[in-house]
Amino acid sequence: MNEQYRLGIDIGGTFTDGILLNETTGEIRTGKVPSTPADPSDGFLHVLRRMLDDGQAEPDAVKYVVHGTTVATNAIIEGNLAKTAFITTEGFRDLLEIQTGIRPTLYDLQFQKLKPLVPRYLCFGVPERLDYRGEVLVSLDEDAVQSVVRDLREEGVESIAVCLLHSYINPEHERRIGEIIATELPSALCSLSSEVAPEFREYFRASTTVINAAIRPVVSNYLGNIQARVRRSGVGGEMLVMQSNGGVLTFEAAMDRPVFMVESGPAAGVIAASQLGETLGHENVISFDMGGTTAKVGLIENGSPRVTKDYEVGGTAATTEHGSRGSGYPIRTPVIDLVEIGAGGGSIAWIDSGGILRVGPRSAGADPGPVCYGQGGTEPTITDANLVLGRISPDYFLGGEMRLDVDAARRAINERCAGPLGMDADEVALGIVEIANSAMVGALRRVSVQRGYDPREFVLVAFGGAGPVHANRLAAELEMPTVLVPMSPGTTSAMGLLVTDIKHDYSVALIQRADQIDIGVANTQFQRMRSEGRMALSREGVADEDTRFIKQADMRYVGQSYELTVPLQEEDLDAAALDEILAQFHQEHERSYGFKAEEEPVEFVALRLSAVGVIPKPQLPKVSPGDHTTTNAIKKTRPVYFAETDGRVDCPIYNRYKLGSGDDITGPAIIEEVDSTTVIHPGYRAAVDEFGNLFLTRI
Amino acid sequence: MSSETPIDPIRFEVIRNALVEATEEMASALRRSAYSTNIKTRHDFSCAIFDRKMRIVAQSFSQPNHLGSLMETIPRALEAYGLENLSEGDGILVNLPYTGGVHLNDITLISPVYLDSTPVGFVASLAHHVDVGGGAPASIGAFREVYQEGIIIPPVKFVSGGDFNRDVFDLVLAQVRAKRETAGDFRAQIAANNTGIRRFKALIGKMGADVVAQYIDELIEYTDRRTKSELAKLPKGVFMAEGVMDSDGYTDEPVKLVVKLTIDDEGLLFDFNGSDEQRSAPVNSTYAQTHSGVAFVLKCMIDPDVPVNSGFYRNVHMVAPAGTVVNCTAPAPVVGGWETQLRLTEVMLKALADAIPEKVPAGTEGMICHSGFGGFDPYRNETYCFLETIAGGFGARATSDGPDAVQPHGKNTANAPIEETELNYPVRITRYELVENSEGPGQYRGGLGLRRDYLFPDHQASFTILADRERWGPHGLFGGHSGEPAHYVLNPDSSATQLPSKVTVQLSENDVVSYRTCGGGGYGPPEQRDPEDVLRDVRDKRVSPSRARDIYRVAINTETWTVDDDATATLRSAVSGQRESAP
């Protein structure tokens with residue numbers, strides 16, 4: 001049989017994960033090897049070979065390899081950057097030094113400003129100037145550019161970022177500088193702001209372009225090296241890399257625009273949740289991915305994950321929530337809107353100087369890890385609390401590969417927290433879990449309520465090793481009616497790599513009032529972006545019938561500065577469509593900010609088009625029907641502590657692999673599988689669907 | 001916490017987080033729906049929640065300056081208006097300066113939160129409106145009495161049933177220049193308050209009003225305990241410092257500020273006796289503004305993790321005699337009160353430098369440095385106003401350089417992006433860069449000042465500078481030199497006329513106004529600075545080679561970009577003179 005495969009490989013800090021899909025049978029295999037930071041391609045090849053051998057797949061039967069990587073983020077955080085120069089309009093060379101002016105901490109007299117990625121002596125202003133409409137006030141002084149480029153050659157600059165004022169609306173001067181660099185200094189890579197991120201507000205566009213330039217050589221080498229080794233291994237399928245926007249790019253495209261892949265890893269989880277929801281008929285989903293150090297929450301509306309352009313990388317908290325608070329380098333490329341908080345299994349519980357129990361943000365990480373791992377950890381963590389409460393099993397962690405030490409966990413909670421508080425260990429363990437839950441409820445609120453969405457209209461998809469342990473309680477708190485726990489929640493995120501589509505995002509600035517807009521110009525711009533997208537996709541071998549275009553417009557009331565993105569129909573615009581768009585804008589404004597002002601003029605700010613090459617989605621494997629008694633699936637009972645029962649109750653422990661479709665379990669109950677544990681609280685039940693997914697609902 | 005208390009520490013943490021989240025949600029609603037650059041982009045606003053006893057319990061992450069004034073304004077405005085005159089869906093507007101308020105541009109909207117017709121708390125948003133009428137666009141200028149500064153709003157019912165009270169709204173709007181922006185910004189404040197009301201009600205609905213009240217009591221006590229235990233770590237003693245501002249905007253007579261700080265078992269007491277009488281000029285700080293400055297300094301002295309609420313403010317102790325520039329009375333102008341307050345913050349820190357030298361920076365920019373302008377926009381055919389504040393150098397610290405071009409202390413507003421400014425207003429920014437050689441030299445150097453030039457094409461704008469520091473730069477500490485003073489220049493490339501730091505000028509078409517703000521003060525003697533750091537500064541053109549040689553006493557080879565060790569040793573063996581620090 002001529003079988004075909006799809007392979008996903010995600011390189012994380014500790015492990016390199018692989019996932020292999022047999023497209024013919026729908027069978028999925030996963031594997032894990034240690035990451036190899038010295039040369040990450042070693043780990044990549046290691047897991048690739050293991051996946052192929054386990055799946056008994058021939059290398060040439062692999063159609064796609066999709067890669068998720070933190071190489072771009074790590075390059076920034078670790079300062080592993082190219083010698084980069086910055087060219088801008090004369091009078092503005094200090095854009096990278098001045099930044100936003102906002103301090104990340106308000107009351108810290110010792111604060112440090114973000115260190116620019118380009119030293120001041122490699123920042124240059126050249127005479128030229130456009131006005132806000134893109135009209136030339138001062139022509140580009142090409143001699144001055146030549147002279148700057150000569151300096152750059154002497155300095156041995158490897159990569160150059162160019163960002164001129166108002167170039168987002170007229171890129172001519174930037175392009176000319178690009179041409180001069182290509183002629184005079186062909187060894188240097190050149191990133192133009194009008195190509196990387198044609199968005200207004202100069203510092204943010206400059207920052208995005210500089211990051212792109214600074215990480216480009218590192219990322220190019222990295223991807224080139226992997227590609228060469230994969231080819232040598234006989235795999236000839238398309239090589240794709242996950243972008244921060246939730247789509248994939250070819251390796252070649254990613255080498256030119258590496259800034260599009262800074263959040264390559266976390267995006268995969270949201271995509272997986274989105275795809276799962278779509279398969280099961282749930283278009284509105286909140287994804288909840290809780291691992292060892294953090295919990296990540298994303299929102300999917302009408303089948304599309306929310307995407308933001310308000311993002312900072314390399315700051316103290318890599319979250320879209322705090323916007324431009326100045327602790328990281330801003331980027332203005334589309335990033336899946338995630339809220340990430342420091343609450344994971346390893347988050348440490350402690351008593352503050354006012355005598356209050358706190359949880360996180362410090363984490364015991366993987367080393368030493370929670371106290372119960374017995375690897376030298378002494379500070380109690382969320383995992384220790386769950387263990388003490390009986391919610392996770394001491395002898396079935398990672399399917400029994402690792403025994404957890406309940407007594408040590410209890411001792412640590414007693415010594416560090418319960419003693420000082422004058423409470424008993426069970427109460428404090430419950431408190432640790434509840435405090436972590438309240439922080440996670442905060443994160444869920446931030447992606448939903450704070451953005452104008454009612455969480456009660458969403459399904460909570462819980463995954464990651466710890467997600468299903470906490471999800472029931474979070475949903476109850478927010479009155480979300482349903483929790484969905486996919487099979488094998490520990491690998492859900494990796495699944496995202498296999499279900500994501502190829503995606504190219506284009507945008508063009510178009511600042512015009514809605515009542516004065518030239519519809520012809522708008523349509524021409526869309527057509528231009530569309531043919532550019534079609535070309536890119538066909539170069540990547542996407543057939544026309546698998547091509548989709550998503551059109552959107554950024555709009556706001558005249559005078560506002562924050563735009564709302566409104567979806568447009570695929571057909572060309574006309575007057576009737578414009579009315580429809582306006583109505584939608586007012587409605588969206590009311591939803592987001594609690595009011596609309598229909599009498600106020602509205603303006604367009606940018607047109608956006610995503611060209612999507614749809615990749616066929618894998619079929620989920622089905623499970624056999626259950627016998628409706630579920631008693632066979634009970635491994636044993638264990639006393640588990642719940643707030644609702646004011647103490648421990650004997651609770652049945654189910655083996656997830658023995659549950660069949662149609663089975664229904666009443667809480668309190670615990671369902672265990674190798675990579676996670678699902679906790680069902682009293683008053684809730686779990687129904688098993690035909691694919692083995694668990695649906696938790698209130699009784 | 002002792003074991004007898006019935007407070008559940010877990011529920012405590014949950015309620016505390018919920019309150020802070022609610023203020024952040026308010027701030028997010030305000031920022032995203034506002035119209036003026038000053039609010040939407042520069043974040044010149046703050047939000048807070050008060051309990052039924054009108055004590056502040058949580059506040060958003062934004063402008064430190066506003067928060068100390070909110071806690072003064074809310075109870076006084078509510079008391080003046082009479083709680084019995086309010087009902088569900090109402091909101092009162094206020095900007096009265098002398099009774100807990102600040103300058104007129106900062107307008108506060110207060111909304112009571114009801115549960116079954118009983119007030120259970122209050123939410124408030126304060127926003128700096130770009131124009132409130134008065135004698136110059138953006139309502140800043142060197143006026144002689146408060147009545148010239150714009151519309152004065154005593155507590156009035158601005159919102160009824162969750163929407164504008166039309167009469168009051170129209171009356172207020174009629175006084176201001178930028179009507180469209182102002183109307184949009186008021187809508188944003190209502191959106192913020194409505195968000196806060198929803199969230200506070202939800203919390204009370206879930207936990208019960210009495211339970212929430214009990215936990216708020218405990219939150220305030222907890223904060224008080226932690227604040228006191230942190231402050232108790234400071235060395236005891238009496239510490240003095242003085243400082244002056246250049247001028248009051250009407251006369252060139254410097255404005256003197258005096259701080260006597262007593263640290264004892266009771267905590268910290270800042271006594272401002274000896275500071276100048278209030279002026280008939282725009283440099284008068286209100287009681288609430290001064291209070292905010294003291295609160296800022298205290299907050300910097302304690303663990304940043306301690307929450308800011310009424311339990312913290314309980315520890316803010318000051319003596320500010322009425323009728324002085326640090327506690328002015330009617331009808332003193334107040335528009336430049338923040339300038340005075342920010343400088344007073346510097347003087348307080350200077351006093352603390354003797355107590356805790358390792359924690360206190362040298363002099364920073366120490367001014368708000370307003371730039372306000374307006375006129376008739378020839379492109380959009382409407383009256384426009386614009387306001388921003390310009391960053392400057394931060395002071396050097398015991399172990400690190402002062403950052404370049406930042407908005408220090410109580411102000412934390414963002415810079416207005418050039419492209420956004422030019423898109424919305426008829427102005428062109430022609431220069432925006434660091435001021436080389438403006439740092440206060442030291443073993444650790446101060447941050448550089450900032451240059452920003454404005455050109456006004458095709459119309460005649462009115463431009464107001466409300467700033468300071470053109471005569472004396474920020475002070476150095478422990479042998480560090482003071483930073484270079486600021487300069488304000490009209491048409492720098494032709495007539496190059498020096499402008500005073502507080503002035504309104506009528507510009508001609510294509511005139512340019514240039515701001516060059518001061519550098520931060522240095523810390524420790526410059527001839528002890530690590531030569532490699534000097535090399536980096538010279539290479540980056542922050543510091544000239546001659547300045548490196550003459551002041552830092554480091555010889556740099558600008559061909560090889562290396563330190564000439566022998567020449568440096570010779571330079572440094574000579575005795576170096578020290579410049580006088582600013583008074």
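In the predicted model, the interface between the two chains involves 55 residues of chain A in contact with 66 residues of chain B. On the chain A side, at least two residues each are supplied by α3 (95–98), α7 (202–232), β22 (357–363) and α12 (425–447). Of the elements of chain A, α12(A) provides the largest share of this side, with seven residues. By residue class, the side of chain A that touches chain B comprises 22 nonpolar, 20 polar and 13 charged residues.

Chain A contains 16 helices and 35 strands. The C-alpha trace of chain A extends over about 80 × 65 × 60 Å along its principal axes. Buried residues account for 55% of the 699 residues of chain A. Among contacts in chain A between residues at least 6 apart in sequence, those joining residues at least 24 apart make up 66%.

For chain B, the domain assignment gives domain 1 (9–226), domain 2 (361–527) and domain 3 (531–573). The C-alpha centres of domain 2 of chain B and domain 3 of chain B are 28 Å apart. Contact between these domains involves seven residues of domain 2 of chain B and nine residues of domain 3 of chain B. The side of domain 2 of chain B that touches domain 3 of chain B consists of three nonpolar, one polar and three charged residues.

Methods. Residues numbered from 1 in each chain as written. Chains lettered and ligands numbered in written order. Predicted model: local features only at pLDDT ≥ 70, side-chain atom pairs only at ≥ 80, totals over all residues. Domains from an automatic or database assignment. Nonpolar A, V, L, I, M, F, W, Y, C, P; charged D, E, K, R; others polar. Helix = DSSP H or I, 4+ residues; strand = E, 2+ residues; numbered from the N terminus. Buried ≥ 20, exposed ≤ 12 C-beta atoms within 10 Å, placed from the backbone.
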